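Subject: Structure for you to look at

Hello,

Here is the structure I promised to pass on. Please open it next to this email and follow the residues as they come up.

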Amino acid sequence: MPVRAYHAPNRIAAAERTRRTILASAKVNFEDLGWARTTIRAIAGSAGVSPKTVEAHFGTKANLLAEVVGQLGRAYVEPESARQFTEATSAIAALPYHAAHATPLLARSARIARAVHEAAPTEAKAAEIAGRMRHNLDYGADWAARIMMSKRGLAADMTFEEARRVFRFAIDPATYRTLTDELGVDEDGVRAWMLRYTRGMLLLRT
């Protein structure tokens with residue numbers, strides 16, 4: 001007599017809820033404490049499970065960090081501000097849309113990026129994630145600079161490389177952390193700073 005597969009939808013759903021709870025706990029711990037101070041035991045305590053349960057789901061702390069970053073990367077991104085940035089006819093009209101597009105992305109990733117960079121020297125998986133993050137930042141700066149160079153109203157001597165450097169600094173997670181953690185600026189304040197900075201650096205000076 002063939003053995004029938006055992007289906008336990010309630011157990012599967014419970015396991016998924018536990019997994020999500022552990023990931024949420026890990027995200028908070030990594031963001032608040034950084035890589036070195038975050039432990040499996042601390043993550044388990046915040047999640048209300050045992051350390052063995054955390055290890056059964058994810059194995060290692062590095063795997064957990066990778067899952068947290070992957071979850072952030074899959075989060076929905078509102079495309080409207082990026083479209084408006086692309087379609088604006090002048091540089092001065094475009095920059096508010098860039099700030100509106102970039103600031104939420106920074107708010108979502110800046111603190112977890114710190115944990116990744118702390119882990120990268122000793123964890124191969126974290127080093128790989130850090131490389132992908134740098135690539136994404138470089139791509140974002142290139143994208144913004146290429147679009148901006150096609151618009152009227154830029155400083156007369158503006159080059160693509162200079163525009164790229166301006167955007168790369170503006171969207172760097174370390175810039176966001178300095179503004180928020182050290183200077184006490186909130187997310188709306190970061191958006192306003194980014195707009196002032198990019199306007200001051202990129203636009204035609206009279």
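This is a predicted model: local features need pLDDT of at least 70, side-chain atom pairs count only at pLDDT 80 or more; totals for chains, interfaces and linings use all residues.

Residues are numbered from 1 along each chain as its sequence is written, and side-chain values use heavy atoms, with hydrogens and water left out.

Salt bridges

Side chains of opposite charge can pair when their charged atoms come close. A salt bridge here is a side-chain nitrogen of Lys or Arg within 4 Å of a carboxyl oxygen of Asp or Glu. How many salt bridges does a search of the whole structure find? The search gives 13.

One of them joins the side chains of E67 and R19, at 3.1 Å from N to O. This pair links distant parts of the chain, with E67 in helix α4 (residues 61-73) and R19 in helix α1 (residues 9-37), 48 residues apart. Helices are DSSP runs of H or I with at least four residues, numbered from the N terminus. As for exposure, buried means under 20% relative accessible area, exposed means over 50%, and partly exposed is in between (1.4 Å probe, protein chains only). E67 is partly exposed at 28%, and R19 is partly exposed at 23%.

Another salt bridge is formed by D181 and R111, whose side chains meet at 2.5 Å, N to O. Again the pair links distant parts of the chain: D181 is in helix α9 (residues 173-182) and R111 is in helix α6 (residues 91-119), 70 residues apart. D181 has a relative accessibility of 39% and counts as partly exposed; R111, with 23%, is also partly exposed.

R132 and E128 form a salt bridge too, and their closest N and O atoms are 3.2 Å apart. Both residues lie in helix α7 (residues 124-149), 4 residues apart, which is about one turn of the helix. An α-helix has 3.6 residues a turn, so residues three or four places apart point the same way. R132 is partly exposed at 44% relative accessibility, whereas E128 is exposed at 51%. Elsewhere, salt bridges that share partners join D138, D142, R164, R168 and D172 into one network.

Helix α9

D172 also caps the N-terminal end of α9, with a side-chain oxygen 2.8 Å from the backbone nitrogen of A174. Just after α9, G184 takes a positive phi of about 75°.

Which residues of α9 are buried? They are P173, T175, Y176, R177, L179 and T180. These buried residues pack against α6, α7, α8 (160-170) and α10 (187-202). Contact means heavy atoms within 4.5 Å.

The packing of α6 and α9 is at an angle of about 95°, and their axes are 9 Å apart. That makes α6 roughly perpendicular to α9. Axes are lines fitted to C-alpha atoms, for helices over the stretch in contact, and angles run from 0 to 180 degrees between N-to-C directions. Angles under 35 degrees count as roughly parallel, over 145 as roughly antiparallel, 65 to 115 as roughly perpendicular and the rest as oblique.

On the α6 side the contact is made by L106, A107, A110, R111, A113 and R114, and on the α9 side by P173, Y176, R177, T180 and D181. These residues divide into 6 nonpolar, 1 polar and 4 charged. Ala, Val, Leu, Ile, Met, Phe, Trp, Tyr, Cys and Pro count as nonpolar, Asp, Glu, Lys and Arg as charged, and the others, Gly among them, as polar.

The contacts listed below leave out residues up to four places away in sequence.

S81 is in helix α5 (residues 80-87). S81 is buried, with a relative accessible area of 10%, and touches Y97, A100 and H101.

L195 is in helix α10 and is buried at 17%. L195 is in contact with L95, P96 and A99. L195 and I147 are 48 residues apart in sequence and 16 Å apart in space, C-alpha to C-alpha.

N29 touches G34, T38, A42, I43 and S46.

Regards

Notes. Helices (H or I, at least four residues) and strands (E, at least two) are DSSP runs, numbered from the N terminus. A polar contact is a pair of N or O atoms within 3.5 Å; within protein, one must be able to donate a hydrogen and the other to accept it, and residues adjacent in sequence count only if both atoms are side-chain atoms.
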